[in-house]
Amino acid sequence: MEILIAEDNVVSRNLLQKVLTKQGHRVLAAENGIKAWELFQQNDIEMVITDWIMPGMDGLALCKKIRSLANESYTYVIILTAKDQKEDLVEVFNAGADDYIAKPFDPHELNARVKTGARIVELEIQHKDIANILIESRNKLKIVFDSLEEEIVAIDDKFRIVSANNAFLRNTGATFQEIIGKPCFQDENGSSTGFCDKKVNFLAKRVIESGTPQHSLDTYSDKHGEKRYKRMNCLPVKDEAGKIFQLVIVLKDITDDKIREEKIKALNKRMQETSDEIKVKNEKLEYTLKQLKDTQAQILQAEKMASVGQLAAGVAHEINNPTGFISSNLKTLADYLNDINRLIKQYRMLITELKDNNAEDKITSSIEKLLDQISGIEKEIDLDFIMDDVMDLINDCREGTKRIKKIVLDLKDFAHPGEDKLQATDINKGIESTLNVVWNELKYKATVTKDYGKLPIVKCYSQQLNQVFMNIFVNAVQAIEKRGEIRISTRADNGSVEVRISDTGVGIPKENISKIFDPFFTTKEVGKGTGLGMNIAHNIIKKHNGTINVESEVGKGTTFRIRIPVN
Ligand SMILES: Nc1ncnc2c1ncn2[C@@H]1O[C@H](COP(=O)(O)OP(=O)(O)OP(=O)(O)O)[C@@H](O)[C@H]1O
Ligand SMILES: [Mg+2]
């Protein structure tokens with residue numbers, strides 16, 4: 001420690017110096033107060049041990065002078081005195097001294113007191129450091145406090161202002177000195193002016209009552225009539241016992257935030273509305289597109305069917321005429337042939353008769369020659385065989401014309417051009433005639449197994465139903481790679497007619513099942529499929545209030561199940 005001794009008695013001064021130096025302190029010594037004061041000012045003295053009574057400047061005066069300095073560090077002062085009256089000691093402490101040592105001093109006591117002093121000086125230094133840190137952080141806090149755009153004011157429990165930041169001062173137009181200690185709110189009788197609105201006063205009262213922070217939003221019109229928003233927060237500051245001793249009021253003008261928020265809200269609303277509109281428009285568009293596709297599919301199919309129907313009807317008509325006269329000629333031909341046969345029989349009988357009763361005078365040689373020639377031709381052409389076979393041939397031809405007639409009828413049944421009305425229909429017959437129409441496509445690839453149940457007559461658009469069956473048959477045969485089977489079964493079930501058509505074709509992958517009734521969905525190569533067959537089938541069945549389902553397994557085959565209500 002840096003210790004300054006002030007003692008006019010040389011013996012005592014030297015002793016003090018010796019004892020303290022021995023303890024490791026750096027010691028400066030002065031023989032009077034004036035000298036000591038000079039040394040004090042020139043050095044960093046941590047402790048002064050001074051005699052009270054000295055010439056020039058005594059110890060107490062020296063002490064007072066030291067205390068009058070606004071020193072950074074603390075100096076510990078011990079007064080050496082022979083005075084030991086109570087009032088003397090009071091005087092010592094009043095002068096600012098920290099301790100005293102009675103004269104003549106005891107070196108042990110001196111050391112002990114110096115040690116205590118050293119400890120106190122150390123504590124003082126620590127205290128000063130802490131105080132500096134505190135001041136520094138308080139200053140920083142104040143800078144922050146003052147730079148906030150929120151108005152902040154602290155009031156005591158009597159609602160008197162204890163502190164306020166720059167924003168608050170700016171808004172009230174008063175200086176710090178003008179508001180400190182003044183009532184924050186106007187008196188109820190209006191005798192004093194206030195610095196905060198009544199609404200804040202109300203909030204502060206609520207904090208006092210509830211002991212909890214309170215918030216509120218103030219809306220008001222400014223002097224230009226513009227609507228403004230102020231957020232008001234009031235927070236309690238409590239002591240250790242939980243008693244409120246201060247309130248902190250934080251006010252913030254949030255008009256800009258509010259305007260922004262409202263703008264964002266309005267924008268969001270507009271965006272939502274626009275997106276809703278777009279959604280509705282999209283849905284409409286999607287619906288229109290679907291309708292368009294359906295219509296397109298229907299038109300295409302109708303056109304196709306109309307031309308198929310017309311073609312079929314034309315072909316049927318053209319075939320009908322020649323078939324008609326072929327078949328009627330064949331009948332006439334058969335009748336003629338019967339007649340001719342009858343005649344030939346008579347001729348043959350005549351020839352036999354002539355030969356059996358041959359008399360040289362009766363038959364001339366020329367007749368005999370003719371008879372021989374006739375026998376020769378008969379043998380040559382095998383007349384017996386011809387007479388047997390020609391009838392068979394005519395019968396075969398007649399069978400052929402019958403078959404032509406049937407296929408023409410089937411064709412007519414299958415496609416009645418322009419006939420689109422409900423008809424009492426035998427569905428089994430419809431399937432059968434459709435099968436005949438597509439038979440040429442089927443016969444090389446599929447064995448067809450039929451299991452027709454007894455069906456009631458159903459009122460339906462028979463031509464359209466035939467179209468459904470045809471589309472399913474064609475798909476089935478297209479799905480069969482080499483050879484397979486197509487199985488048809490029908491039955492009456494619970495007021496409906498059920499038709500099942502199965503094939504042993506390639507099957508339909510799961511992901512395609514839901515798409516096969518969509519218009520234009522096809523897995524077939526360009527030119528082979530338009531993707532309309534199943535869509536048309538679906539629409540036709542729907543028109544009959546019926547259902548069409550599909551079950552399929554890849555590699556095994558596919559089954560279509562159609563149900564049509566009888567009524
Ligand atoms: N029996 C079946 N077996 C396997 N796949 C089938 C069968 N029936 C339909 N499909 C699948 O459903 C798709 C749609 O059939 P749809 O009959 O509607 O059109 P398409 O046969 O491709 O063309 P088209 O318009 O010429 O009939 C087919 O491309 C095929 O992938
Ligand atoms: Mg098809």
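The following legends describe close-up views of a predicted model.

Residues are numbered from 1 along each chain as its sequence is written, while chains are lettered from A and ligands numbered from 1 in the order in which they are written. Local features need pLDDT of at least 70, side-chain atom pairs count only at pLDDT 80 or more, and totals for chains, interfaces and linings use all residues; side-chain values use heavy atoms, with hydrogens and water left out.

View 1. The strands follow the order 2-1-3-4-5, and their pairing is parallel. Strands (E, at least two residues) and helices (H or I, at least four) are DSSP runs numbered from the N terminus, and two strands pair if DSSP finds at least two bridges between them. Strand 2 (26-30) and strand 5 (99-102) are at the edges with a single partner strand each, so one side of each has no neighbour in the sheet. From one strand to the next, the twist averages 20 degrees; angles run from 0 to 180 degrees between N-to-C directions, and axes are lines fitted to C-alpha atoms, for helices over the stretch in contact. Helix 1 (residues 10-22) packs on the sheet and touches strand 1, strand 2, strand 3 and strand 4 (76-81). Contact here means heavy atoms within 4.5 Å.

**View 2. The surroundings of ligand 1.** Of the 19 residues around ligand 1, those that come nearest are T522, T523, K524, T530 and M534; a residue is near if one of its heavy atoms lies within 4 Å. An oxygen atom of ligand 1 lies 2.4 Å from a side-chain N or O atom of T523. For N475, a polar side-chain atom is 2.8 Å from an oxygen atom of the ligand. The protein covers 91% of the 590 Å² of accessible area that ligand 1 has on its own, by the Shrake-Rupley method with a 1.4 Å probe.

**View 3. A salt bridge between K243 and D157.** The two side chains meet at 3.9 Å, N to O. K243 lies in the loop between strand 9 (227-238) and strand 10 (244-253), and D157 in the loop between strand 6 (151-156) and strand 7 (161-164), 86 residues apart. A salt bridge is a side-chain nitrogen of Lys or Arg within 4 Å of a carboxyl oxygen of Asp or Glu.

View 4. Strand 16 and strand 17 (residues 557-565) run antiparallel, joined by 7 bridges. E551 stands opposite T559 in strand 17.

Methods: Polar contact = N/O pair within 3.5 Å; in protein donor to acceptor, adjacent residues only side chain to side chain.
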